[in-house]
Amino acid sequence: MTENQKFMSRCIALAQLGAGTTSPNPMVGAVIVHEGKIIGEGYTSPYGGAHAEVNAVNAVKGCYGEEEALQLLKQSTVYVSLEPCAHYGKTPPCADMLVALGVRRVVIGCGDPFAKVNGLGIAKLREAGIEVEIGVLEEECEFINRRFFTKIKENRPYVILKWAETKDGYFAPETPGQAWISNKASKQLTHKWRSEEDVILVGTATALIDNPMLDNRLWTGKSPKRVLIDKDLVVPTSHQLFLNQKTDLIIFNEKKTEWLGNLKYVALENFDMYLPQNILYQLYLMDVQSIIIEGGRKTLEAFIQAGLWDEARVFVGDAVWGAGIESPHLPVSYQEERQVASDTLRLYYR
């Protein structure tokens, strides 16, 4: 591993500390290096707060004091996992700040496809005479921001499918009812995942049978907004989805559009036509960057058949049922496999 790769790896690790808090902004990590030593580092604050580069610079100032920090920064290399922003948003442009500080060199993991950045940050740095290198651990840097890139490039949220299946490939019992397949460790991991995504979605059958809360009570951090597909509004308002008012509940249906506090009813015309496409477009308009789908087979298959999924996380438990509803079928083989206590987690990427 080269020195550039070593420090960029640290940027990536820092960026991931912002998981679940930065959306709709990307997750970014920044490291400031002086004579081979890290003198400051930071990652993107929760949405609306300071960016990674600002936090890293402030770390240098906090450690060395303002006057010495300004001298050190002029002789330093700034490593950042994503191209520094070039526009005014919630905060001033990071590229302008680096120019004003007169840093010697900037090493960037990957470019930012957002129209108001997209090469402009790099151009500002180079025009100021700063040495710029781009493309260090580029694939890894793009991967951590796959949600952000999907939203920018495809005008839809990044879609994660999640389910559990038995060793012999069954997803649910033939007779409607709850039947746990995965273990407690997998359940806790699922709650961690929920804290990292903007939205969680289920269909009518799952809401009626499981009566879920769809929060992340087994983990820390925010719970996602909840989405319910309920064409005819048959899920009772006495269910836990409605009683839990900590986050929004968005109900896609065919009957009404109405916003009542945290309840947001959204009526879709021609409900059964292009349902996954219409749902994702509506969520995109709501600035949703990522969604995890934990619905039943019908819901999961609708997104799979539409080709509107990016990642699937499938727990394979110890149970062997011999009969039941078969698991959804993905058109690709799993690319990664991990153990979660007694469960096997298989990761698929479209």
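Lys 264 and Asp 248 are both buried, where buried means under 20% relative accessible area, exposed means over 50%, and partly exposed lies in between (1.4 Å probe, protein chains only). Their side chains meet in a salt bridge at 3.2 Å, N to O, the term denoting a side-chain nitrogen of Lys or Arg within 4 Å of a carboxyl oxygen of Asp or Glu. This pair links distant parts of the chain, 16 residues apart: Lys 264 belongs to strand β12 (residues 263-267), and Asp 248 to the loop between α10 and β10 (249-253). Helices (H or I, at least four residues) and strands (E, at least two) are DSSP runs, numbered from the N terminus.

The model is predicted: local features need pLDDT of at least 70 and side-chain atom pairs count only at pLDDT 80 or more, while totals for chains, interfaces and linings use all residues. Residues are numbered from 1 along each chain as its sequence is written, and side-chain values use heavy atoms, with hydrogens and water left out.

**Salt bridges**

The count of salt bridges comes to 22. Three of them are listed below.

| Pair | N to O distance |
|---|---|
| Lys 264 – Asp 248 | 3.2 Å |
| Arg 194 – Glu 294 | 2.9 Å |
| Arg 297 – Glu 301 | 3.3 Å |

Arg 194 in helix α8 (residues 184-196) and Glu 294 in the loop between β13 (290-293) and α12 (297-305) are 100 residues apart. Arg 194 is buried at 8% relative accessibility, and Glu 294 is buried at 14%. By contrast, Arg 297 and Glu 301 are four residues apart in helix α12 and therefore separated by about one helical turn. Arg 297 is partly exposed at 30%, whereas Glu 301 is buried at 12%. A network of salt bridges links Glu 154, Arg 156, Asp 310 and Arg 350.

**Nonpolar cores**

A nonpolar core is a set of buried Ala, Val, Leu, Ile, Met, Phe, Trp, Tyr and Cys residues joined through side-chain atoms within 4.5 Å. The largest has 43 residues, of which Met 8, Ile 32, Tyr 79, Val 106 and Leu 125 touch the most other members. Helix α1 (residues 3-15) gives the most to this core, with six residues. A second, separate core of 30 residues includes Phe 171, Val 266, Leu 275 and Tyr 348.

**Hairpin**

Strands β16 (residues 336-340) and β17 (residues 343-349) pair in the antiparallel sense over five bridges; pairing requires at least two bridges found by DSSP. Val 340 stands opposite Asp 343 in β17. Two residues lie between the strands of this hairpin, and Ala 341 takes a positive phi near 55 degrees.
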